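Here's a quick tour for anyone opening this one for the first time. Have a look at the sequence and the model, then read on.

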Amino acid sequence: MLRLGLHDLHTALGGKMVPFAGYEMPVQYPAGVLKEHLHTRTAAGLFDVSHMGQVLLRPRGTLREAALAFEALMPVDVLGLAVGRQRYGLFTDATGGVLDDLMFANRGDHFLVVVNAGCKVADIAHMKAMLAGACDVVPVLNRGLLALQGPLAEAVLERLVSGAAAMRFMDVAYLDWGGVELWVSRSGYTGEDGYEISVPDAALQGFAEALLAEPEVMPIGLGARDSLRLEAGLCLYGHDLDPTTSPVEAGLTWALQKARRAGGEREGGYPGSDRVMQELAHGPARLRVGLRPEGRAPMREGTLLFAGDEAVGAIASGGFGPSVQAPIAMGYVAAPFAKTGTELMAELRGKRLPVTVCGMPFHPTTYKR
Amino acid sequence: MKYTKDHEWLRVDGDLVTVGITEHAATQLGDVVFVELPEIETVVAEGDEVVVIESVKAASDILAPTAGEIVEVNEALVDNPALINEDPTGMAWIFKMKLDDLSVLDDFMDEDEYLELIG
């Protein structure tokens, strides 16, 4: 089990440490998941996401050649991403299944990629194998990653780091904190405005403590991170996305830009493009949908969904939404049952309880576009 | 008050036993968001799953501490599951049962033994 650079800070803050993706991670602090969740929605929450993989793609030739090579791994427009901007991407396999979802940023002369902790070893091997020739794939091993999320994140970060407030959603920038170079993006995984901040290991604890010293900021564990992203309708890899799900089934077509679609300038040309293009043209067999259980019982991953006697899908992730104040879930259902308003039954502890297909997010997002 | 190794407390009043979960258990569960209570007059055996408590983190079953009949349930928990965190040993009693055999109560832990168990 690996330890985070901030392990001692987490335990000093009363964090309850649990295993997650090979790391000991704080699942909650003494305030508890509910208060941590609501604090992030009303003020600012600090998350340690240093377990995630930060990787630089350094072009061996031009950035354009590197972008085109990277496009061979994803159904996403890399070439069209402007300098100083970040975009959501996903690696697909030969069957069109999702190997991982990620963020990538154009930093002028290279790309910065941030991948999921549980996939990072495989992702790095995948990129090394597929991008050889076009890029050096350089894991960033001397930096931690923090996320500051919530409506007061902007005011807090600008107080410490000049230039934060001028950024808009999905901008990336190098900002200075007392001589320390921070890699900042205005993004996150909560549905709130906020930032993700890569910090050199030597300054990580000092910077985290400086943020926590601000009156608006509370440390937030994995428990609230999960309920926040669920309310925002965001996928958790390994639950809502995996090699059996395609980007189209997952409802991530917004991440598949025109340039890579049928008739686009750089149509196809990524693993599994046949399936993805076929599903884009004709619709997938099943779709990820939002689900609102009737009543108060949370419905969790694996709960089966029925239309009459027919099994039509299953919940991929679900729980209680503290801001929604009700159980919420997302899952995959056969396409004919994916329409908003469709009433299905979920099998919970031997009983069938009604759930309604709904749109997402469950809680409105507040990105600063 | 008596305690089970499953972190339930039992308050005995004649042949009627009130059951709840301990403060330790409530803290471990985290914020409770859902409670499913048994039907009154349900006859239960020791170890039957009689109550479901869901926190923001996970679902947990509360087991019948011994054989008997459920005679009363705390409906207030259905509308306000957070009572379990606020007052686990008072307002948030969960159910009352009539025991088949009162002598089994001797087998449960007293407070000192329970405190030793949870360290």
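Let's start inside chain A: A:Asp77 is buried, at 11% relative accessibility (buried means under 20% relative accessible area, exposed over 50%, partly exposed in between, with a 1.4 Å probe and protein chains only). Keep in mind that this is a predicted model, where local features need pLDDT of at least 70 and side-chain atom pairs count only at pLDDT 80 or more, while totals for chains, interfaces and linings use all residues. Residues are numbered from 1 along each chain as its sequence is written, chains are lettered from A and ligands numbered from 1 in the order in which they are written, and side-chain values use heavy atoms, leaving out hydrogens and water.

**Salt bridges in chain A**

- A:Asp77 pairs with A:Arg266 in a salt bridge, with the closest N and O atoms 2.9 Å apart (the rule asks for a side-chain nitrogen of Lys or Arg within 4 Å of a carboxyl oxygen of Asp or Glu).
- A:Asp77 sits in the loop between α3 and β6 and A:Arg266 in the loop between α7 and α8, so the bridge ties together parts 189 residues apart in sequence. Helices (H or I, at least four residues) and strands (E, at least two) are DSSP runs, numbered from the N terminus.
- A:Arg266 is buried too, at 19%, and its side chain also meets that of A:Glu265 in a salt bridge (3.8 Å, N to O).
- A:Glu265, in contrast, is exposed at 72%.
- These residues belong to a salt-bridge network of A:Glu71, A:Asp77, A:Arg87, A:Arg260, A:Glu265 and A:Arg266.
- Elsewhere, A:Arg60 and A:Asp136 form a salt bridge at 2.7 Å, N to O; A:Arg60 is in the loop between β5 and α3, A:Asp136 is in strand β9, and the two are 76 residues apart.
- A:Arg60 is exposed at 54%, while A:Asp136 is partly exposed at 34%.

**Chain A as a whole**

- Chain A has 8 helices and 20 strands, and 59% of its 369 residues are buried.
- Its radius of gyration (taken over C-alpha atoms) is 21 Å, which agrees with the value near 21 Å for a compact globule of 369 residues, the globule rule being 2.2 Å times the number of residues to the power 0.38.
- Helix α3 (residues 63–71) has A:Ala66, A:Ala67, A:Ala69, A:Phe70 and A:Glu71 buried; their cover includes β5, β6, β7, β8, α4 and β9 of chain A.

**A buried aspartate**

- A:Asp240 lies in the loop between α7 and α8 and is buried at 0% relative accessibility.
- The side chain of A:Asp240 reaches the backbone nitrogen of A:Leu236 at 2.8 Å.
- Beyond neighbours within four places in sequence, A:Asp240 has contacts (heavy atoms within 4.5 Å) that include A:Arg229, A:Arg288 and A:Tyr332.

**Where chain B meets chain A**

- The contact takes 15 residues from chain B and 12 from chain A.
- About 1,300 Å² is buried between them, 49% of it from carbon and sulfur atoms; buried area is the accessible area (1.4 Å probe) that two parts lose on being put together, summed over both.
- B:Val33, B:Val56 and B:Lys57 supply 38% of what chain B buries there, more than any other three residues.
- There are 4 salt bridges between the chains, and A:Arg300 and B:Glu54 make a salt bridge through their side chains at 2.6 Å, N to O.

Note on methods. Polar contact = N/O pair within 3.5 Å; in protein donor to acceptor, adjacent residues only side chain to side chain.
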